Amino acid sequence: MADSDSQKKTPHKRDDTSQPMVLPGIHRYQFFTNLKDRGWTMNLDRVALFGIVGALLATVIKPLLRLNPATIYCYECRACYATQDRCPVGISLQAELVVAGRVSDYDRFVRNGGLKCIRCGNCQSFCVQFLPLPQMFAVMQEETRSAMRSGLVPRESLGKALDGGLVGKEFIDDVVKALS
Ligand code: SF4
Ligand code: SF4
């Protein structure tokens, strides 16, 4: 009776003797056992862990769902910037396009000239991973085209891209329509 009274008064306190013994006199505290006895603040580490795992899964799952899985493998090392004047349309920040494709960031893609890429492949040989950059950019271009039709690309960004010559001829009609 006295034991059950003390348990009621200290519901979060765990008792050494209730834990498995690993060596004589040494008890091992188990994770995920006795959770019902723990105050929620004692589980913040686990909440953080699930948050981190969730964010990592989102980073991987989004490109998979968008059919652009190769973007996951980009190190963001920026070695592809060495393409420089070998890019016929003057795109200088290829890694920005890759990262934009990974997270479906249309604004970033458009701002960095993604819609003027002609998918020549010249930048691919500068990629330390030899990622299929032209195919990755093509997927993102089509995704951006659909997003423009749904009004998901910021008009301001499209307007600036059009004025700054960052839109290739095959996308001009879509951009003009999105702006009208
Ligand atoms: S694939 Fe696109 S970004 Fe790469 S060099 Fe060709 S035009 Fe430039
Ligand atoms: S070189 Fe390749 S891995 Fe490195 S940032 Fe460019 S695309 Fe990503």
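## Ligand shells and two residues of the predicted model

In this predicted model, the shell around ligand 2 is made up of 10 nonpolar, two polar and two charged residues. Ligand 2 is surrounded by 14 residues, and Cys74, Cys77, Cys80, Ala95 and Cys127 are the closest of them.

Ligand 1 has a shell of 16 residues, of which Cys87, Cys117, Cys120, Asn122 and Cys123 are the closest. By class, the shell around ligand 1 comprises 11 nonpolar residues, four polar residues and one charged residue. Helix 5 (residues 133-149) supplies the largest share of the shell around ligand 1, namely three residues.

Attention now turns to two individual residues. Ala161 is part of helix 6, which spans residues 155-163. Ala161 is classed as buried because 23 C-beta neighbours lie inside 10 Å, where 20 or more are required. Leaving aside residues up to four places away in sequence, Ala161 is in contact with Val110, Arg111, Leu115, Leu166 and Val167.

Gly165 is placed in the loop between helix 6 and helix 7 (169-179). Gly165 has 11 C-beta neighbours inside 10 Å and therefore counts as exposed, the limit being 12 or fewer.

Each of these residues can also be paired with a residue from elsewhere in the sequence, as tabulated here.

| Residue pair | Separation in sequence | C-alpha to C-alpha distance |
|---|---|---|
| Ala161 and Asp107 | 54 residues | 9.9 Å |
| Gly165 and Lys116 | 49 residues | 8.2 Å |

Note on methods. Residues are numbered from 1 along each chain as its sequence is written. Chains are lettered from A and ligands numbered from 1 in the order in which they are written. This is a predicted model: local features need pLDDT of at least 70, side-chain atom pairs count only at pLDDT 80 or more; totals for chains, interfaces and linings use all residues. A residue is near a molecule or strand if its C-beta atom, placed from the backbone, lies within 6 Å of it. Ala, Val, Leu, Ile, Met, Phe, Trp, Tyr, Cys and Pro count as nonpolar, Asp, Glu, Lys and Arg as charged, and the others, Gly among them, as polar. Helices (H or I, at least four residues) and strands (E, at least two) are DSSP runs, numbered from the N terminus. Two residues are in contact if their C-beta atoms, placed from the backbone, lie within 7 Å.
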